[in-house]
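This report describes a single protein chain. The sequence and the model are shown first, and the description follows.

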Amino acid sequence: MSTATAAFTGGFNWFKTGITAGVLVAAAMLFAVAYLAIPDFQDWLMASLGMGWVVVAGYGLALLLALVYLPTSVVRGWRWWLALAVVAIAAIGALTLWRGDSGASYAYGMAGQWGYALTGGHLWMWLIQLLGAMVIVSLLLVPQAWKGYLIAGRFIGIAVWATLVYAGIGAKYVAIGLALASVAVVRGARRLVEMRPGRVPASAEPKVPPAQPKEPKNSDAPEPPAAPQKVSISRSGGWQLPPLDTLAPPEPHQMNGAAIADMTEEIKDALAEHGVYVDVEDVKAGPRVIKFGLVPGYMPQRVGKDGDTTKQRPSRVRVGDITKRQKDLALALKSPYIRIIETPEPGEGLVGLEVPNPTPGKVLMRSIVEAPEFSKIVEKGGLAFALGEDAGGQSLALDLAAMPHLLIAGATGSGKSVCINSLVASLLMTRPPDELRMIMVDPKRVELTPFNGIPHLVMPVIVEPDDVQPALRGLINEMSRRYKLMEEMGVRNIAGYNAKADEPMCFLVLIVDELADLMMTGGLEVEQQLVRLAQLGRAAGIHMVLATQRPSVKVVTGLLKANVPARVAFAVASQVDSRVILDGAGAEALMGKGDLLLLNNDFPKARRGQGTLVYDDEMDRLVDFWRNQQGPLLPPIDLTEEDESEGDPDPENIDDIYQGNILDQARDLALRNPRLTSAMLERRFKVRKSIADELIEELRGEGLVIGG
């Protein structure tokens, strides 16, 4: 029995086996306890190598057992163990191609961060590594395999070289054939054109003597693009217009075609993720905004229970579904300043999408002045205004005489003051003082006061609010005087009068930089005067440009807005301000720095554009040009108030009101409404604010009015 036991134990070492098994069981239990009790250890395992630890553990266990029981086999078969390690690495790389539902396995795959570093999660990278692993394993197991690889590489190189040579020869013959075919097509088209009825062949046309082309060259050649240089002297012959060199030359702007193409794909993909399929067919790049024309696509047909598509008429994507995805598009394009318009251009079946340009540019005034749209307005005798460029890159040249009045509103720093300077510069570039006179009101004292001294001003820039109402009343008297002259002449407007009269009338433009200050100080009387000028001023050649940075309903009243149809809105703080200006939303999403929305009679909806930029040195050169020019005497324009028997009483002689029946009527109102206010009296009796305040104080002293 002892002999058998010794023989059995001599063939198998139970002591070594027991120690090995105990160590493995202890290691397994320690790993299980750490995995279940330590969450950070579990997270580290999944984040570092994930399921690849199974491959590593299996390889390590096999190597450990071999080292314990068969150490000589490890040394002799090192090639096999190295090949097995390469296979294990390839298996770990394969695990990176499968992703879990969440956590590190979702981000890096089932092999964790270490395995992700091998392939980066790309199939093609793993295939390259797998091919390399096969080559390494074959070289380890069969050392003579490198000779076969060299032979195979040689034949592959020969095949690739032969393919390139024959492809080049074929491309050469194809190019020659296309060139010959294009020449034949051009010749045939030429013959067809010359054979048309009434067409004289080029060989049969009479030759023109060389001395004759000089006359049609001067008569038929297009004029220079700059409108101001076409008319250098006014009708009186004494005033010179400033040269075009006064303005800075346009700055070149390069468009990023690759960025626009990427944005096009992002728009289509962002909408397709929500089941909205569109095609982008029309892309127009402006200086600050790119306008994409979206064509609604067709909804995919439904699949029936039997797997066949239903025989229904294909339906297009609704326009409302596109407009609902504005926030999704803003997220995909990484910009909050996008705007969806249902009809970007009249007559086009497109849905417009306006997106900020990734490479914005500037719109200098000279580029608009040189545009043909600006020249046409000057040629027909209008008041040209270089506003800027629209979202499609087209020039925005407006005629102030056709508007006939303009409201400009926007927050501080949005470009409102620059727009006013562009308007003044446009008028000074195209109109001499005998054809255009201006009245400027600037309560802020800094924006329009630099224009003092130019001959176009009827009076110095008005900076005191108390001086505004007399000037407005004088302007209304001038308007009445002009209507009397036109009535005597039997004409309807200033154009008809200037065509018949010996002394033509000039245009009068009233520019108010801050309307809110006038409305707060003048109240109802200022509003009535502005409304009267807006209603009757167009035929008399009187136009208004009103600007404000506080577009509230108390400043831009409904009656005033109804008589000023042309409005320019820059960036504002809220949607409420946008609705006050444009009667709709949109201005609250503008980017500022000249980004604007234009609303006038030519466009049913607000049109987006970029305002013209005028540098300070350009304005200084323009102002110095007119200040240093000595022209003929200008006809005086009297804006003093006339003494009228009818009208509002003098606020300084308030006793005249008390002697009349206005105070009695105010007492009757106070008896019916003890909380009467001066604003109610101002609207009821159409008196000035100061008079209404005096009446309220008198009624309060009599005890008829309560409250502060």
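## The nine-stranded sheet

In what order do the nine strands of the open sheet lie? The order is β6-β5-β13-β12-β11-β7-β10-β9-β8, and the pairing is mixed. The model is a predicted one. At the edges of this sheet are β6 (395-399) and β8 (436-441), each of which pairs on one side only. Neighbouring strands are turned against each other by 25° on average, with direction ignored.

Within the sheet, strand β5 (residues 384-390) and strand β13 (residues 607-611) run antiparallel and are joined by three bridges. Here Asp 390 stands opposite Gly 609 of β13. In general, the strands of a sheet pair through backbone hydrogen bonds, either parallel or antiparallel.

Helix α16 (residues 372-379) lies across β5 and β6, and runs at about 10° to β6. A further helix, α23 (residues 575-582), packs on the sheet. Helix α23 touches β7 (406-409), β11 (566-569) and β12 (595-599), and its direction makes about 155° with that of β11.

## Gly 594

Gly 594 is placed in the loop between α23 and β12. Is this residue, Gly 594, buried or exposed? Gly 594 counts as buried because its relative accessible area is 9%, under the 20% cut-off.

Which residues does Gly 594 contact, leaving aside its neighbours within four places in sequence? They are Ser 414, Gly 415, Phe 570, Gly 609, Gln 610 and Gly 611. Gln 610 is 16 residues from Gly 594 in sequence, while the two C-alpha atoms are 5.4 Å apart in space.

## The four-stranded sheet

The chain also has an open sheet of four strands, in the order β1-β2-β4-β3 and with antiparallel pairing. The edge positions belong to β1 (278-285) and β3 (339-341); each has a single partner strand, so one side of each has no neighbour in the sheet. Direction ignored, neighbouring strands of this sheet are turned by 25° against each other on average.

Strand β3 is joined by three bridges to strand β4 (residues 351-356), and the two run antiparallel. In this pair, Ile 341 stands opposite Gly 352 of β4. Helix α12 (residues 257-272) packs on the sheet and touches β1, β2 (289-296) and β4. The direction of α12 makes about 40° with that of β2.

## The second largest pocket

The second largest pocket has a volume of about 460 Å³. It is lined by 21 residues, of which Glu 503, Pro 504, Met 505, Cys 506 and Pro 635 are the closest to its centre.

Which helix gives the largest share of the lining of the second largest pocket? That share, four residues, comes from helix α18 (residues 468-489). Sorted by class, the lining has twelve nonpolar residues, eight charged and one polar.

## The chain as a whole

The chain has 28 helices and 13 strands. It is made up of 708 residues, and 40% of them count as buried. Of the contacts between residues at least 6 apart in sequence, 64% join residues at least 24 apart.

How values were computed:
Residues numbered from 1 in each chain as written. Predicted model: local features only at pLDDT ≥ 70, side-chain atom pairs only at ≥ 80, totals over all residues. Heavy atoms only, no water. Pairing = 2+ DSSP bridges. Axes fitted to C-alpha atoms, helices over the stretch in contact; angles between N-to-C directions. Contact = heavy atoms within 4.5 Å. 1 Å grid on protein atoms, 1.4 Å probe; cavity = no way out; pocket = protein on both sides within 12 Å on 5 of 7 lines; lining within 4 Å. Points joined across faces, edges and corners; volume = space filled by probe spheres on them. Nonpolar A, V, L, I, M, F, W, Y, C, P; charged D, E, K, R; others polar. Buried < 20%, exposed > 50% of the residue type's maximum accessible area, 1.4 Å probe, protein only.
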